[in-house]
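Biologist: Please show me the model. I want to go through its charged pairs.

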Amino acid sequence: CIRDSPLAVLVLLLPALASAQAPSRRSYYDPHHTFGLGLQASLPYSDFADAQNTGLGVVGMADVAVVPLFSLVGGLGWNTFDGKSGAESVDVWEFTAGGRFNLSPFFIGGEVGYYTELDRVNWVPSIGLRFSRLEMSIRWQSASTAAWTTFRGGFYF
């Protein structure tokens, strides 16, 4: 029986023993700054590039450390895309939430995003660098026929 085996008991207790030896902080960013603001430039592609020029925007960012290698992230942003050849400009509000794997200073993450003007929900993968207060990242949004790559620079308070 498993409960009679000392090896099984050791295997079950090993994660608890390992976490007891782990450092008390939850992030590689010491001290960890949770909230920030960023500027972003978005380059449209696919069908969206036929009607819109490069977009510019601002974003509020959150990065909450859960364990040393993982954090929950989210954002609230506004982007404006100028229209090409008589097309109307498009203002897009974005709401995103997801997770990020941190290998300081490098990170890779994914979020689910909702875009108001497009009325779409999509997956937003990202990669980047985060130092204590500074973040630089590349993000890819693809909401149906509206798609763009975003270059973001941010500062955490």
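Modeller: E94 and R152 form a salt bridge, with the closest N and O atoms 4.0 Å apart. The pair links distant parts of the chain, E94 in strand β4 and R152 in strand β8 (residues 146-156). This is a predicted model: local features need pLDDT of at least 70, side-chain atom pairs count only at pLDDT 80 or more, and totals for chains, interfaces and linings use all residues. Residues are numbered from 1 along each chain as its sequence is written, and side-chain values use heavy atoms, with hydrogens and water left out.

Biologist: Is E94 buried or exposed?

Modeller: Buried means under 20% relative accessible area, exposed over 50%, partly exposed in between (1.4 Å probe, protein chains only). E94 has a relative accessible area of 0%, so E94 is buried.

Biologist: How many salt bridges does a search of the whole structure find?

Modeller: A salt bridge needs a side-chain nitrogen of Lys or Arg within 4 Å of a carboxyl oxygen of Asp or Glu. On that basis, the search of the whole structure finds five.

Biologist: How many residues apart in sequence are the parts that D63 and R100 tie together?

Modeller: Their side chains meet in a salt bridge (3.3 Å, N to O). Strands are DSSP runs (E, at least two residues), numbered from the N terminus. D63 lies in strand β2 and R100 in strand β4 (residues 90-103), so the parts tied together are 37 residues apart.

Biologist: In which strand does R130 lie?

Modeller: The side chains of R130 and D63 meet in a salt bridge at 2.6 Å, N to O. This pair ties together parts 67 residues apart in sequence, because D63 lies in strand β2 and R130 in strand β6 (residues 120-130).

Notes:
Helix = DSSP H or I, 4+ residues; strand = E, 2+ residues; numbered from the N terminus.
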